[in-house]
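I opened the notebook to record what I looked up in this model.

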Amino acid sequence: MKEDFLHYLWRLARFDLRDLRTTEGHPITIQQFGIHNTDAGPDFDDARIRIDGLQWAGKVEMHLRSGEWYDHGHDADPAYDGVILHVVMEEDRPVFRSDGSRIPCLELRERIPAGARISYRRLMHNEYWVPCQTQLPFVDRPLRSLWLQRVLAERLTRRGEAYAATLAGCGRDWEEAFFRSLARALGGKVNGQAMETLAASLPLRVVLRHQHSLLQLEALLFGQSGLLPEPEPEEASYVKQLRREYALLRVKYDLRPLPVTSWRFLRMRPNNFPTVRIAQLACLYHRSGQLFGKALAAAGTTELRNMFSVSLSNYWRIHYRFGKTAERSERRLGGQAIQSILINAVAPAFFTYGRLRADDRYRDRAVELLESLPAEKNSVISKWRALGWSAASAGESQALLELRDNYCNNSRCTSCAVGCRILGRTDPGEPTLLNVHEAERVYRLVG
Ligand code: SF4
């Protein structure tokens, strides 16, 4: 058992509240359970409790064993002097404040509903892809929908924080931050970091100064990427021109290219090669410089999609990488790539813009944009679908990715609405969810 189970029991008052007493026998009345503190310091702030008729207001700390107070060094930390109640599974030794006064202690071990204890154990000790997966088909739609909305907001907030850090690194220039974020989205999982580093190595003001010439934009981006090949006698004049342009621009702006080892081509579809993505980035900025401003002004998802739909210059219509001719095609940014840009660059930018300007319209636009896009297709979303949780939109698929990454994989079931429902509904006297074996049998029938 972990301490988070105690937090859950306390937060939702899921223990026997009758005739509460300290381990010394003094009666306790809980008036306010307090606010869960997930940062450093005691576990709950602003609790209000009466002990032996005396009113107390302050912090509550929790441990499985009371002796952990000393194991964790709280006796030497003044932040813990304000603790008014120590809630433990079991008191194995008394605990004192630095002034020598004893901290009242409440033991929970005899007060936990048997069903919650069993369900908790089942959730924490199984090998399923998602620990509660046998119960998922029985979670009602309203709970599922509300919970996914909340998890989506958490994902956008988390990504917004990363975006705000990028923005701070760009001198709060929204266009510059968007340039980096767009480059990262274009690079995808494999080359996203290298694409962002490439964009960060090239100030947007330099890109915009050469926006009118696609050749110069390509020279800047390919030159900086380190992917421009060494001279060869038979090479196309395009490559020679790129090299010539880059040599001049590099000196003019004191540029330092990335090492060629930054890039991955292996096991990638040619359409996703970094060379193709860099050429697309050049085309996007050749067509329009102020992409973030344009995205903010766009009337809806269709206009946003059109903004990012570009086809490539002549050389890149017959090449996926330098020096290797391929079948001719426009190499237009595909629907999936544009969707990835909208999900990973535009929505976080809108959300951050709304948060930093305290303007809910842009936060809402981020959510509306995700809800207007189809669900993503990847192995994680397919597995959720097989468990009966299909994503209806990119908003839901993003929420499901977040749920698995930040809740299920970290065993945060006691902080999850589904987990709380499972733990709560197995209390004696309440309607129970099926046990694991029954649920598996029914799941096979419905699944
Ligand atoms: S975190 Fe929630 S969804 Fe994930 S396994 Fe636990 S209860 Fe289920």
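**Entry 1: ground rules.** I am working with a predicted model, where local features need pLDDT of at least 70, side-chain atom pairs count only at pLDDT 80 or more, and totals for chains, interfaces and linings use all residues. I number residues from 1 along each chain as its sequence is written.

**Entry 2: domains.** I looked up the domain assignment of the protein chain, and it gives domain 1 (3-112), domain 2 (113-169 + 375-447) and domain 3 (177-371). Such bounds come from an automatic or database domain assignment. The centres of domain 2 and domain 3, taken over C-alpha atoms, are separated by 36 Å. Their contact takes 12 residues from domain 2 and 15 residues from domain 3; two residues are in contact if their C-beta atoms, placed from the backbone, lie within 7 Å. On the side of domain 2 that touches domain 3, helix H4 (141-169) gives the most, with 8 residues. Helices are DSSP runs (H or I, at least four residues), numbered from the N terminus. I noted the classes on that side as 6 nonpolar, 5 polar and 1 charged. Ala, Val, Leu, Ile, Met, Phe, Trp, Tyr, Cys and Pro count as nonpolar, Asp, Glu, Lys and Arg as charged, and the others, Gly among them, as polar.

**Entry 3: H7 and H9.** How far apart are the axes of H7 and H9? I found 9 Å between the axes of helix H7 (residues 214-225) and helix H9 (residues 274-287), with an angle of about 140°. Axes are lines fitted to C-alpha atoms, for helices over the stretch in contact, and angles run from 0 to 180 degrees between N-to-C directions. H7 and H9 are therefore oblique to each other; angles under 35 degrees count as roughly parallel, over 145 as roughly antiparallel, 65 to 115 as roughly perpendicular and the rest as oblique. Among the residues in this contact are Leu217 and Phe222 of H7 and Ile278 and Tyr285 of H9. By class, I listed 10 nonpolar, 2 polar and 1 charged residues here.

**Entry 4: H13 and H14.** Helix H13 (residues 335-356) and helix H14 (residues 360-372) have axes that come within 6 Å and cross at roughly 160°. The two are therefore roughly antiparallel to each other. The contact includes Phe350 and Phe351 in H13, and Leu369 and Leu370 in H14. I wrote down 11 nonpolar, 1 polar and 5 charged residues for it.

**Entry 5: ligand.** I listed the residues around the ligand, including Cys132, Cys408, Arg412, Cys413 and Cys416. A residue counts as near if its C-beta atom, placed from the backbone, lies within 6 Å of the molecule. The shell divides into 10 nonpolar, 1 polar and 1 charged.
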